[in-house]
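This report walks through selected features of one chain. Keep the sequence and the coordinates open while reading.

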Amino acid sequence: MMNSLLGARYLLGEMIGTGGMADVYIAQDQRLSRQVAIKILRSDLAKDPLFVARFRKEAKAAAGLNHPAIVAVYDSGEEPAPYIVMELVSGHTLRDLIHDGERLPLQRALEIAEGVLAGLEYSHARAIVHRDIKPANVMITDKGDVKVMDFGIARAMDDLGATLTSTWNVVGTAQYLSPEQAVGEPADSRSDIYSAGCLLFELLSGQPPFTGETPVSIAYQHASSTAPLIRTIQPNLPEGIETILAVALAKKPADRYQSAQEMLDDIARVRAGEKVLAKVVSPPVFTRKSALIYGGAFFAAIALAIGGYLYSGSSNKNLAQIPNVVGLSEAQARALLSQYTITIRRANDGVIPRDRVASQIPLATMSAQPGSSIVLTISKGPGEAIVPDDLIGMSLIDARAALTAVGLLVSQTIAAPSDEPQGTVLEVTPAVGSVTDAGSGVILTIASGEITVPDLVGVEAIQAKTSLIQAGFLINEFFDFDPEQPLGVVIRQAPDAESTQTIGKSVTITINREP
């Protein structure tokens, strides 16, 4: 398509990006003698009337937005495929700037949040909800300005019947999903405010409010767990910042800021050393009914899609690979694992539907001897779970496995000085023996220590993730495409190999996936 002329006006250059719906090219506007970016609906989707209609709706919605904090849309067309002509921004995405887990200074973090919120206030006033605020959709220009981009799943507020049901919307978005999006309910402007709160939380702490090993586990935490207070992670931050984030991240939309401007005003008060006006309402968790809706429809689609991708990723046909069977029925799992010895356990789980595989040990990995043992935990559906009473003194790896077996997650790890070996569990919240909701998160305080980050570039994704888990790291996962590298391997990582990182922290890997 390079050097094609679109609309008798735009000369296409090289591809500079790709997304869930479209490929992005740099182009020369020959009429106005300027460079632009052109988003072209992917050819495989251009044959689908549903995707074409969605793409046209994006163009119509975005074309009405004219604000310094929003990437401008100049033009659109239909031939040879639907396309949108946009402002070409020179700079980097916010994801590129914070992917290594570094925190930003308070004032700079607030400046970026103000830019995002200013763009949202403008779009919300025009009945446009972004629905996908995350670092990858925020550009920082070479001059340091903030621009929100890719209103790719924006919806007019009068079209709130559409819910989050397709996996390509979820996988890259889980860490910034609002609770209502996580359970498949309609999103409104307050959903964008929640996502902006997640973004500010990460700018200030170096990590999103919720982390996990799968998009599903992260999304479930948004729906069922209260975000940690920012000053438990960064105690030197002003009290007003903690209040702002607690309000923005309230589970119930009615308890959040009701407009982006309200949040902007409180940020201005913090800058001025004044007391914020927002009040924190004790956030109720979503109902069991919502959790069931989420666990059934949402998780099943994600688990099967991810499981299929992971299983097909290996290129070495000479090795006996353990497939990922999480989300499958017991019968389906046994059929795929017919060459192994299967042990079945059962536990309540707030995420996985009843009678589906909630976890497997060992994890899906590169190879295993036929006849070796695999333990499958089958979900008994949502219910109560008891925090195991033998967690204290366990290694992080063993503690995670013990929690998974009873239907609980590790939502956060806190490193603390100790004479115990690094990674040893020192304290558990809620306390051991406590009764809590299945699927909820547990905070582990572990003995601090620095360990070496393994070299993962060129390694198959499953092997890389297994190595990280065994080393005691949490995982952040992204996808990109490098035609020079085999599909399914890690093409980038952060922190770099051989660097040191506190055990229990996150390592980000980018996996090669064909667009």
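## A buried aspartate and its salt bridge

D188 counts as buried, because its relative accessibility is 19% and the cut-off for buried is under 20%. The model is a predicted one, and the values here are computed from it.

The side chain of D188 meets that of R190 in a salt bridge, with N to O at 2.7 Å. In total, the structure holds 14 salt bridges.

## Salt bridges across the sequence

Which parts of the chain does the pair E114 and R271 link? The two side chains form a salt bridge at 3.1 Å, N to O. This pair ties together distant parts of the chain: E114 sits in helix α4 (residues 106–125), R271 in helix α10 (residues 260–271), and 157 residues separate them. R271 has a relative accessible area of 34%, so it is partly exposed. That value falls between the limits of 20% for buried and 50% for exposed.

E180 and R256 make another salt bridge, at 2.7 Å from N to O. Again the pair links distant parts of the chain, 76 residues apart. E180 belongs to helix α6 (residues 179–182), while R256 lies in the loop between α9 (239–248) and α10. Are these two residues buried or exposed? Both E180 and R256 are buried.

## Helix α9 and its neighbours

Helix α9 is mostly covered, with eight of its ten residues buried. The buried residues are G240, I241, E242, T243, I244, L245, V247 and A248. They pack against α4, α7 (189–205) and α10.

Two packed helices are described by the angle between their axes and the distance between the axes. For α9 and α10, the angle is about 170 degrees, and the axes lie 10 Å apart. Angles over 145 degrees count as roughly antiparallel, so α9 and α10 are roughly antiparallel to each other. On the α9 side, the contact is made by G240, I241, I244 and A248. On the α10 side, M263, D266, I267 and V270 take part. By class, this contact of α9 with α10 comprises six nonpolar residues, one polar and one charged.

An α-helix has 3.6 residues a turn, so residues three or four places apart point the same way.

## The three-stranded sheet

Three strands form an open sheet in the order β12-β14-β13, with mixed pairing. Why is one side of β12 and of β13 left without a neighbour in the sheet? β12 (341–347) and β13 (357–361) stand at the edges, and each has a single partner strand, so one side of each lacks a neighbour there. Neighbouring strands of this sheet are turned by 25 degrees against each other on average, direction ignored.

The pairing of β12 with strand β14 (residues 373–379) is parallel and runs over seven bridges. Within this pairing, I344 has L376 of β14 as its bridge partner.

Strand β5 (residues 73–77) pairs with strand β6 (residues 83–87) in the antiparallel sense, over four bridges.

Definitions and conventions:
Residues numbered from 1 in each chain as written. Predicted model: local features only at pLDDT ≥ 70, side-chain atom pairs only at ≥ 80, totals over all residues. Heavy atoms only, no water. Salt bridge = Lys/Arg side-chain N within 4 Å of Asp/Glu carboxyl O. Helix = DSSP H or I, 4+ residues; strand = E, 2+ residues; numbered from the N terminus. Buried < 20%, exposed > 50% of the residue type's maximum accessible area, 1.4 Å probe, protein only. Pairing = 2+ DSSP bridges. Axes fitted to C-alpha atoms, helices over the stretch in contact; angles between N-to-C directions. Parallel < 35°, antiparallel > 145°, perpendicular 65-115°, else oblique. Contact = heavy atoms within 4.5 Å. Nonpolar A, V, L, I, M, F, W, Y, C, P; charged D, E, K, R; others polar.
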